[in-house]
Amino acid sequence: MTTIHTFTLFTLMVFGMHAVAGPEQFVAGDLIEGYGPIARVDAPRLPAGAAMKVMFNVTHGADEGQYNRSFDNGASYMNLQYWAGVPVDKIHVAFIVSGPAHRDILNDQAFGSTNPSAPLVKALLAKGAKFYLCGQSAAYRDVSADDVIKGVEIALSGSTTATLLHQQGYALSPF
């Protein structure tokens, strides 16, 4: 499946979901438990064997005391694909984190207290999501591999990571 087809299916599912569901119809998903609410809507099923690959460019940090909503968008994406019948091993989500969002992938020690985003990041990592911290942002903010949640990778740069993921068939989520 091409990147364009994947993006088109994702867009149709998201916009279709909003057209028929009120807030009360959103429920927790079955893959990333406790995060990523979805609406179970009547929609065309995905083609058999579809592999869903999407990357989220996360630059905005979480509000004080909250977890990062961009990570929750990724959880919703994973929950929705899983509900639609896509096997877990065919759901590929990557987060490219830079700028102020870097704090949301810090371990508690580097964060300076309990990081509200840490449980969600760990749940996503446990289900195969990838987190890449822009190495340029990390260098600018003096963040080392010891400062991030276990499983988060420090990449050369965010733009380099986006280019490599695109070459592997990942679509950039506009949400």
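I started with α2 and listed its buried residues: F71, D72, G74, A75, S76, Y77, M78, N79, L80 and Q81. Buried means under 20% relative accessible area, exposed over 50%, and partly exposed in between, with a 1.4 Å probe and protein chains only. Helices (H or I, at least four residues) and strands (E, at least two) are DSSP runs, numbered from the N terminus.

I noted the ground rules next. The model is predicted: local features need pLDDT of at least 70, side-chain atom pairs count only at pLDDT 80 or more, and totals for chains, interfaces and linings use all residues. Numbering runs from 1 along each chain as its sequence is written, and side-chain values use heavy atoms, with hydrogens and water left out.

I checked the length of α2. Its 15 residues reach 21 Å from first C-alpha to last, close to the expected 21 Å at 1.5 Å a residue. That expected span is 1.5 Å times one less than the number of residues.

I looked at both ends. At the N-terminal end, N68 caps α2, with a side-chain oxygen 2.8 Å from the backbone nitrogen of S70. After α2 comes G85, with a positive phi near 100°.

I then searched for nonpolar cores, meaning sets of buried Ala, Val, Leu, Ile, Met, Phe, Trp, Tyr and Cys residues joined through side-chain atoms within 4.5 Å. The largest has 36 residues, and F71, V93, F95, V97, I105, L124 and F131 have the most contacts inside it. At least two of its residues come from each of β3 (52-58), α2 (69-83), β4 (91-97), α4 (118-126) and β5 (130-134). A second, separate core has 7 residues, including M55, Y132, A155 and L165.

I followed F131, counting contact as heavy atoms within 4.5 Å. Beyond its neighbours within four places in sequence, F131 touches F71, F95, V97, I105, V121, L124, L125, G151, V152 and E153.

I searched the whole structure for salt bridges (a side-chain nitrogen of Lys or Arg within 4 Å of a carboxyl oxygen of Asp or Glu). The search gave 1. R40 pairs with D30, with the closest N and O atoms 3.1 Å apart. R40 is in the loop between β2 (38-39) and β3, and D30 in the loop between β1 (26-27) and β2, so the pair ties together parts 10 residues apart in sequence. R40 counts as partly exposed, at 38% relative accessibility.

I closed with totals. The protein has 6 helices and 7 strands. Of its 175 residues, 45% are buried.

Technical notes
A polar contact is a pair of N or O atoms within 3.5 Å; within protein, one must be able to donate a hydrogen and the other to accept it, and residues adjacent in sequence count only if both atoms are side-chain atoms.
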